[in-house]
Amino acid sequence: MYVNTFSVSALIMDVQRGHCWRCEKVLPQLTVPCSRCNIAVYCSTPCLGNDTARHSSVECQMFGPQRCGNCEKTAPNMKECAGCSNAWYCSKECQRTDWKSHKPSCRAAEDSMKRAAKALCQQRSATYKISGNFPYYIGNIFARDFLQLEDNELTSGVKENSLARDYHILSAGCGNLRNTVLTAASLPDEYHGKLYISLDDFDPFVMARNVLFLFMLVRFADTDYIASSLTTIWYSLHIYKREYDLIKTSLDELTQMSAQQLHDTTKGLVSVLDKDLRCLCQVWERWQSLECQRDQKTSVNLKQQRNALFGTDILMREGVPFYLAELSKNEKKRMREWFDHALFLPSESRKSAVPFDNPTLTGRDSDCWYDDFTPIVPKDHQFVYCINTDAFPFREWDCLRVRECSSGSFTSPMEMYHSYVTNLLKKVRRLIVQERLFVHVFLDNCLVFPERHQSLQMTNYDRIITSNLADIVGFARLLQTFKPLLNASNRFSVIITETMNWFKFIPEADTDSMLCPRQRIQGCNDAYSIDCNRLRFPGHNNTRDYFNNTPQFLQYLRADIMAGGLGIPSLKEVPSFESVKKYHGLQMRDFRKGQNKLVPFQYRLNARILNMMNGYDRAVEWCLPQSSA
Ligand SMILES: C[S@@+](CC[C@H](N)C(=O)[O-])C[C@H]1O[C@@H](n2cnc3c(N)ncnc32)[C@H](O)[C@@H]1O
Ligand SMILES: [Zn+2]
Ligand SMILES: [Zn+2]
Ligand SMILES: [Zn+2]
Ligand SMILES: [Zn+2]
């Protein structure tokens, strides 16, 4: 059946609006929708057929009509069991009749939520310490465009106003610059306002790298190679002399500057408080003093350090061959090279001799423990190679978008990615030259950021992005902290929260867990082999694509709010999902109705083999009530 429809909502899934849910090509006039949920759309009947195994096991269950747990009738607007969020009924009578048989699983879900809340509460009441991680020079979640005006402000009101006004964004626990870069580079051509981004992260190593990169973009804006060089410096283990000299010159200048001078030389691009600058300076001075010439005896020898790190990481050593096995022949060869050498160079490079180690890939050891209110003192640390083995460029950028932006003529994934990031940086440079991008840098614990914001009398935000800080501080504390900072006069203002660790607290949600029913795991394996046309091998994450664990995710949210933590008392009873959706006077965008407007609730893994995702990330968006449209 071909009908004339277009996907209504912007971000029902991780497929771009107006594209086929299977092949990702632009939809033709006549499209084929899934007849069950009427939400998935395809360019053709074959695409619909090919996607059935995948789509029917996850989103169709989430978006489509539910089946009554008693009479098995299927209809939209079924009533959900408020106890477990995992059973549906067409009527009160049906619910009553089914209660006897539903009761055990409903009670088990309640127990599971209480257990999770207790564990979360304990984790948060222990002196909050963060550690065991290297600095996030390279992140582990996709870069996001935080504005997406086309699907937000530009969908209503006077378009011209939305294209002319300024936008303010707060990125709390910002990690590296990838989100700043993607957001700035994705502004529509017709937009002519200014973009103000506040970056907050308490890690001076990460922030020193961010400020260095921003400085370099301005300082060398008049060269035609800075964007490409910066991409190399962002990711490559070894660099050419040109890149090394760029770093050296920049560090020599930066370490001599006051905050005011930095602000003035960058024409306002970088604002940083003097106390923070002094801390960043400690990182820069150490990078300055490292011996990076690889042929010197006293050199830092990043290659050796990296090999040692991989050598002790069993998970990675075993995981990489599985990952490579899924790739095409050429990709496999190239990616193996990347795992061996970590060179990340533009297409025109000779790879034979890259004479310098990249000092910006060094920093504190992952063994460092620090609590949230004691600042890290960089100069107390030995500077070592510090990139997490699981953090790599191919994880940071959605490979579907990268491919889409590439002409297809690249000989390797590295070159394709290099060119993609370079192009983004060129767009950012243009914005900087036009003096339309302003970045405020804060080395604060995000929980005290509102005080800083108030003391500096800064403007409220149209977007507040909190990375996966919810995993560390909990939803309750996060939402209470940042709600007052939202721009109430913009109905598209939103707080974005993400979680990656939720699986650990609701074990039924994970196909790897002993508590996951065998039958469901088998179902996922079967769906995988139909969908990808091959057998699943052990240790392989990608069967998570076929496991609808959204009911378990709702249970997690309820348990997390129940736990409170960090100054917020825990609740006596498990809160209903309805009350969680209205937590603290906010309005959650219901991801089960496809209401997310900025970050997809969940991503498909098998569509993105190159990204080597684990399928754990979930994104939830919260807005002020009048802006819930
Ligand atoms: C939550 S971590 C996780 C990494 C993130 N998924 C990424 O890919 O960048 C992100 C950043 O938050 C920072 N962070 C953690 N707790 C923080 C806090 N309480 N205040 C400010 N920054 C924090 C870390 O230093 C890290 O750079
Ligand atoms: Zn298609
Ligand atoms: Zn469907
Ligand atoms: Zn019924
Ligand atoms: Zn129930």
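For sorting residues, Ala, Val, Leu, Ile, Met, Phe, Trp, Tyr, Cys and Pro count as nonpolar, Asp, Glu, Lys and Arg as charged, and the others, Gly among them, as polar. With that in hand, I can start at the ligand. Please keep in mind that this is a predicted model.

The shell around ligand 1 divides into nine nonpolar residues, seven polar and four charged. There are 20 residues around ligand 1, and those that come nearest are G139, G173, G175, D203 and C446.

Next, the sheet. Eight strands form an open sheet with mixed pairing, and their order is β11-β16-β9-β8-β17-β18-β20-β19. Its edge strands, each pairing on one side only, are β11, residues 270–272, and β19, residues 587–588.

Strand β9 covers residues 195–200, and six of its six residues are buried. In a regular strand the side chains alternate between the two faces of the sheet. On one side of β9 we have L195, I197 and L199, on the other Y196, S198 and D200, and all are buried, which leaves both faces covered. The pairing of β9 with strand β8, residues 167–172, is parallel and runs over six bridges. Within that pair, I197 in β9 has I169 opposite.

Why is β18 described as largely enclosed by the rest of the structure? Six of its six residues are buried, so β18 is largely enclosed. The cut-off behind that word is 20 or more other C-beta atoms within 10 Å of a residue's own. V494, I496 and E498 point one way from β18, while I495, T497 and T499 point the other way.

Which strands does β18 bridge to? One is β17, residues 463–465, which runs parallel to β18 and is joined to it by three bridges. There, I465 stands opposite I496. Another is β20, residues 618–623, which runs antiparallel to β18 and is joined to it by five bridges. In that pair, E498 has A619 of β20 as its bridge partner.

Moving on to a helix. Helix α1 takes in residues 45–57, which is 13 residues. From first C-alpha to last it reaches 18 Å, close to the 18 Å expected at 1.5 Å a residue. There is also a bend of about 55° in α1, at D51. D51 is itself among the buried residues of α1, along with C47, L48, R54, H55 and S57.

Last, two loop residues. S352 is in the loop between α13, residues 329–341, and β12, residues 356–357. Is S352 buried or exposed? S352 has 5 other C-beta atoms within 10 Å, so it is exposed; the limit for that is 12 or fewer. K114 lies 238 residues from S352 along the chain, and their C-alpha atoms are separated by 58 Å.

The other one, D295, is in the loop between α10, residues 274–289, and α11, residues 302–312. Because D295 has 8 C-beta neighbours inside 10 Å, it counts as exposed. Along the chain, D295 and F356 are 61 residues apart, and their C-alpha atoms are separated by 8.5 Å.

That is the end of my part.

How values were computed. Residues numbered from 1 in each chain as written. Chains lettered and ligands numbered in written order. Predicted model: local features only at pLDDT ≥ 70, side-chain atom pairs only at ≥ 80, totals over all residues. Helix = DSSP H or I, 4+ residues; strand = E, 2+ residues; numbered from the N terminus. Pairing = 2+ DSSP bridges. Expected span 1.5 Å × (residues − 1). Bend = angle between axes of the 7 residues up to and from the residue. Near = placed C-beta within 6 Å.
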